[in-house]
Amino acid sequence: LKELVVISNLRTEYITWMFRSAPNLEIIHLGYATHVKDSTFLQTLAEGHLEKLQEVQVERSADLSLLTVEALLSGCPLLRSLGDLGAWSGITGPELGQIRQICFEQNLDLDLSSHQVLRRFLGMAGEERQSMLNLMTGPVLERIRLAQAAARNNQEQQRD
């Protein structure tokens, strides 16, 4: 397993287990519903896991702070992208500014933007791009299709 994407509500114990069970994990994208905490990353990194990690994207975390950023920077030598830090409640605006300043001063090759998924999508071509598009839009399109079917059924019932 090289890429892990979890957007649904999942106990942090399962996420930690996946981190430990995937020695070649390079990309982690976690949604808000995952509720990961500093301890999720700190414990996993302390045990020597996630050494090949290159990209981390965690949306709107209420429980991640500078502790996680520092642990990822020290424990993941291949890390090139760490996204959506501005949406982590445990990181203030001034702290985010300090992180960016440190990256600049130390000439770190680290992307701190929150547009990693979009950038990856734009860099894809052909079948790979279509698969990603289906993955991202599939649930939304299914909800639209179901709503349209329900509206048709309501209209038919009103005519009868």
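How many salt bridges does the count come to in this protein? The count comes to four, where a salt bridge is a side-chain nitrogen of Lys or Arg within 4 Å of a carboxyl oxygen of Asp or Glu. Before we meet some of them, a word on the model and the overall fold.

The structure is a predicted model, in which local features need pLDDT of at least 70 and side-chain atom pairs count only at pLDDT 80 or more, while totals for chains, interfaces and linings use all residues. Residues are numbered from 1 along each chain as its sequence is written, and side-chain values use heavy atoms, with hydrogens and water left out.

**Overall picture**

The protein has six helices and four strands, taken from DSSP runs (helices: H or I, at least four residues; strands: E, at least two) and numbered from the N terminus. Their order from the N terminus is β-α-β-α-β-α-β-α-α-α. Mean pLDDT, the predictor's confidence in each residue from 0 to 100, is 86 for the protein. Of the 160 residues, 33% are buried; buried means under 20% relative accessible area, exposed over 50%, and partly exposed in between (1.4 Å probe, protein chains only).

**Helix 1**

Helix 1 spans residues 12–21, and its buried residues are Thr12, Ile15, Thr16, Met18 and Phe19. Viewed down the helix axis, these buried residues fall within an arc of 160 degrees, so they line one face of helix 1; the arc is that of the directions from the axis to the C-beta atoms. Their cover includes strand 1 (3–6), strand 2 (27–30) and helix 2 (38–46).

**Salt bridges**

Side chains of opposite charge can pair when their charged atoms come close. Here are three of the pairs:

| Glutamate 26 | Lysine 2 | 4.0 Å |

Glutamate 26 is partly exposed, at 22% relative accessibility.

Glutamate 47 is partly exposed at 40%, and arginine 20 is partly exposed at 31%. As for the remaining pair in the table, arginine 11 is exposed at 52%, whereas glutamate 13 is partly exposed at 45%.

Terms used. Contact = heavy atoms within 4.5 Å.
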